[in-house]
Amino acid sequence: ALGYRGGPFSPHKPQGTVRIMIYGGSSVFDHDNPGTKDWPHRVETRLRQSGFPAVEVINAGIPGHASADAVGRLFAEGHLFEPDYVLYYGEWNDIKDFRETDPLLRYRLPTRSEENDPLFFYRNPIDRWLCEVSQLYVRLRERYYTWNFRIGSEGVLPEGSYASTLSETALRQYRLNVQTFVDVARNAGAVPVLVTEARLVSRKNEDADKKRINYEMVLLTHDALNHAFEEEDRILREISNEKQVHLTDSSAALSGRSEFFLDAVHLTDRGSDALSSIVATSIAPLLNNPTR
């Protein structure tokens, strides 16, 4: 009802509850694992089974969201839910901007109004009537608009040539976004936790794995994509040291292991289970000894 994946929760944290919010994109939302099998809710289950029955995990992942979006959502609403711990897990969606040399303000434009989106709204009375009477029309219509707007599995595909280098401006922006996320979490009275993003992408990828990686979404070569993830991991480690923030390195344990991934970052059932185990095990000591 509040727009988050999972069952209902009270906007006002019940007394005695230890509330954990996990922010990120679709790799947090974990839509390929149905019901409560998304990895954030598996973290909740594991922690409760490990002696923390009062833990409540809120999956605050939103498909397509990057670090700047997580800052905005925590700042504009998440803090009102009074989280005790706030985790950030996300690198892939930021990499989509790693070719950009302009500031974030200049290339992140407002989302197209839904009222003008033909995938969600009829174009005219005839369009509506045809959609109501013909499944063939509906399917052809969807294919046409998907082709016309160049919509891939993760949204509108970028245009341009593949790059082999990264934008220093974009890397600086990513660093500032994560630093700000940590600061906002602490200002809200929560303990921030950073988690490196596990991925199929590896310098040891075989051809079969490379075919599952959506390079077209980031327009980076394989080497550049690996470099992008490595730079983000480095930035997360540096922020962890600078700001004394707990870091869970899920990438070191899972990245490059085919059986855990459907594509570049989205998890299979085994991957979701493995990630939840790593995160729950890593943050359990924090629940016994919280620090700001």
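This is a predicted model: local features need pLDDT of at least 70, side-chain atom pairs count only at pLDDT 80 or more; totals for chains, interfaces and linings use all residues.
**Stop one: a pair of helices**

Start by selecting residues 125-133, helix α6, and then residues 135-148, helix α7. Look at how the two pass each other: their axes come within 5 Å and cross at roughly 120°. That angle is why α6 counts as oblique to α7. Now show the side chains where they touch. On the α6 side, pick D127, L130, C131 and V133; on the α7 side, pick Q135, Y137, V138 and R141.

**Stop two: a pocket**

Next, head for the second largest pocket. Which residues lie nearest its centre? Select G6, G7, H41, E44 and V57 to find out. They belong to a lining of 13 residues. To see where some of that lining comes from, highlight α2 (39-49) and β2 (55-61), which each supply at least two residues. Colour the lining by class, and it splits into 5 nonpolar, 5 polar and 3 charged residues. The space itself has a volume of about 150 Å³.

**Stop three: one valine**

Finally, select helix α8, residues 168-187, and pick out V182 within it. Is V182 buried or exposed? Its relative accessibility is 0%, so V182 counts as buried. Show what is packed around it: leaving aside residues up to four places away in sequence, V182 touches P192, L194, I239, K243 and V245. Before you leave, draw a distance between the C-alpha atoms of V182 and L2. These residues are 180 apart along the chain, and those atoms are separated by 24 Å.

Methods. Residues are numbered from 1 along each chain as its sequence is written. Side-chain values use heavy atoms; hydrogens and water are left out. Axes are lines fitted to C-alpha atoms, for helices over the stretch in contact, and angles run from 0 to 180 degrees between N-to-C directions. Helices (H or I, at least four residues) and strands (E, at least two) are DSSP runs, numbered from the N terminus. Angles under 35 degrees count as roughly parallel, over 145 as roughly antiparallel, 65 to 115 as roughly perpendicular and the rest as oblique. Contact means heavy atoms within 4.5 Å. On a 1 Å grid over the protein atoms alone, a cavity is a set of points where a 1.4 Å probe fits but cannot get out, and a pocket is an open set with protein on both sides within 12 Å along at least five of seven lines; lining residues have an atom within 4 Å of a point. Grid points are joined across faces, edges and corners, and a volume is the space filled by probe spheres set on the points. Ala, Val, Leu, Ile, Met, Phe, Trp, Tyr, Cys and Pro count as nonpolar, Asp, Glu, Lys and Arg as charged, and the others, Gly among them, as polar. Buried means under 20% relative accessible area, exposed over 50%, partly exposed in between (1.4 Å probe, protein chains only).
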